[in-house]
Amino acid sequence: MIKLDLSHAKLEQQPEAWQEQVDKYNTELVNGTCKGNDYIGWMTWFEDYDKEEFARIKETAKKIQENSDVLVVCGIGGSYLGPRAAIEMINGLYPENQKVEVIYTGNTFSSTYINQVMDYIKDKRVTVNVISKSGTTTETAIAFRILEQFMWDKYKDEAKDRIVATTDKARGTLKALADKKGYETFVIPDNIGGRFSVITPVGLLPIAVAGISIDDLMKGLADGMKEYGSASISENPAYAYAVTRRILQNQGYDVEMFVDYEPQMQKVAEWWKQLFGESEGKDGLGILPDSAVFSTDLHSLGQFIQDGKKVLFETNLYVDQPAIDIPFPADEQNLDNMNYLAGKSIDWVNKMAAKGTLEAHEITGGVPNIVLTMPGMTAYDFGNMCAFFFKAIAMTTLLNGSNPFNQPGVEVYKKNMFRLLGKE
């Protein structure tokens, strides 16, 4: 369970003062009567998910592990950020025991990037997982056409066994294409939006291919949905966090800096930014989500956070147990004068840096700080974290009067782009 510490948040109002509003919106979420209620399938997914499809995901992942060096995930938004966040958080940036390398495309129009991906995989054993509800998302469709032609040229008739489509159950361009060419398919649920989709086949297949237990992930999700299920702000840290964000915005803080101290969680921060930015950034409202990895970014952003304009608050995500820890070695000559750390754990040093930074930003800098602490960086922890942030963003956006589950602004750039590209 994620722990919440608000003792550094500089709140002018106690979260419990919002209990009546939280009760109202929690009832709407549970009853399915809230704004955007067509997309709250994530609320019960931990028990509603298709068990037969789940078993097939594990079977397909095993087959890919046996016959491939690389899985190319072709998707954008939640179709890309969710699985990447999970895989990097759990396995690290340089995994030793991951049988299949997972790389990503379909998330950019960069010709350089696409070309480098194609050059990188040309002499490797490849499987492609294209992820798109409709099949018409332009970034993904462009990359997939290039990938698909490459796969058929490389593998001939075997290509159909090396391309997997995660898409709509019954309709859409990609579903029709996959059925015609005989690709295996997995379903993107109609009632779960893209930024919540990492817990569905969208994320579960790549995560399983990376050798991560999706059983553990789903157990963490299930436990989290129960742990963060209470309507009581004093008992539910996800709702307390949701309310705290609204209080801080009312105090004039319009930017939230999501901070972690583990480089392998950088994509978790990117996933969080999509989840929060797309959910509440509408109707002229919302908090701008930003992120940093400390202590690295203290040497670039630290000065502004400490002494710059007070527009932001920080949400720190600490990890109790790192995936790996190492001791700092002693040196007889001590020419670097570092022996004062000899025998200390590097993770202990990291935690002391976090403590010192918190003191500097809160006390000297006057910056409000929220502290979240998760037990570790396992598959179970990732699933539990998903439940925490799903519940938090749903509540905090409803408290702002907006629909947490649509993204009308995203469609504007697409319409303009299609006009400029000459699409009829």
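Analyst: A pocket is an open set of points on a 1 Å grid over the protein atoms alone, with protein on both sides within 12 Å along at least five of seven lines; a 1.4 Å probe is used, and lining residues have an atom within 4 Å of a point. Points are joined across faces, edges and corners, and the volume is the space filled by probe spheres set on them. Keep in mind that this is a predicted model: local features need pLDDT of at least 70 and side-chain atom pairs pLDDT 80 or more, while totals for chains, interfaces and linings use all residues. Numbering runs from 1 along each chain as its sequence is written, and side-chain values use heavy atoms, leaving out hydrogens and water.

User: Which residues lie nearest the centre of the second largest pocket?

Analyst: Look for Gly-92, Glu-262, Gln-264, Ala-323 and Ile-324, out of 25 lining residues. Both α4 and α13 (346-364) supply at least two residues each, and α13 gives the largest share, four residues. Helices here are DSSP runs (H or I, at least four residues), as are strands (E, at least two), numbered from the N terminus. The lining splits into 14 nonpolar, seven polar and four charged residues. Ala, Val, Leu, Ile, Met, Phe, Trp, Tyr, Cys and Pro count as nonpolar, Asp, Glu, Lys and Arg as charged, and the others, Gly among them, as polar.

User: And how much space lies in the largest pocket?

Analyst: About 880 Å³. It has 37 lining residues, and the closest to its centre are Lys-133, Thr-137, Gly-194, Gln-407 and Lys-414. Two or more lining residues come from each of α4 (78-91), α6 (138-155), α11 (266-280) and α15 (410-421). The largest share, six residues, belongs to α15. By class, this lining has 12 nonpolar, 15 polar and 10 charged residues.

User: On to helix packing. At what angle do α4 and α8 cross?

Analyst: The general idea is that two packed helices are described by the angle between their axes and the distance between the axes. Axes are lines fitted to C-alpha atoms over the stretch in contact, with angles from 0 to 180 degrees between N-to-C directions. For α4 and α8 (residues 201-209), the axes come within 9 Å and cross at roughly 40 degrees. The pair is therefore oblique (under 35 degrees is roughly parallel, over 145 roughly antiparallel, 65 to 115 roughly perpendicular, the rest oblique). Gly-78, Ser-79, Pro-83, Ala-86 and Ile-87 of α4 make the contact (heavy atoms within 4.5 Å) with Val-202, Gly-203, Pro-206 and Ile-207 of α8. That's six nonpolar, three polar and no charged residues.

User: Which residues make the contact of α1 with α14?

Analyst: The axes of α1 (residues 19-31) and α14 (residues 379-399) come within 10 Å and cross at roughly 120 degrees, which makes α1 oblique to α14. Gln-21, Val-22, Tyr-25, Asn-26 and Leu-29 of α1 meet Ala-394, Met-395, Leu-398 and Leu-399 of α14. Seven of these residues are nonpolar, two polar and none charged.

User: Last one: where is the cis peptide bond?

Analyst: Between Phe-294 and Ser-295, with omega about 5 degrees. Ser-295 sits in the loop between β8 (288-293) and α12 (302-307).
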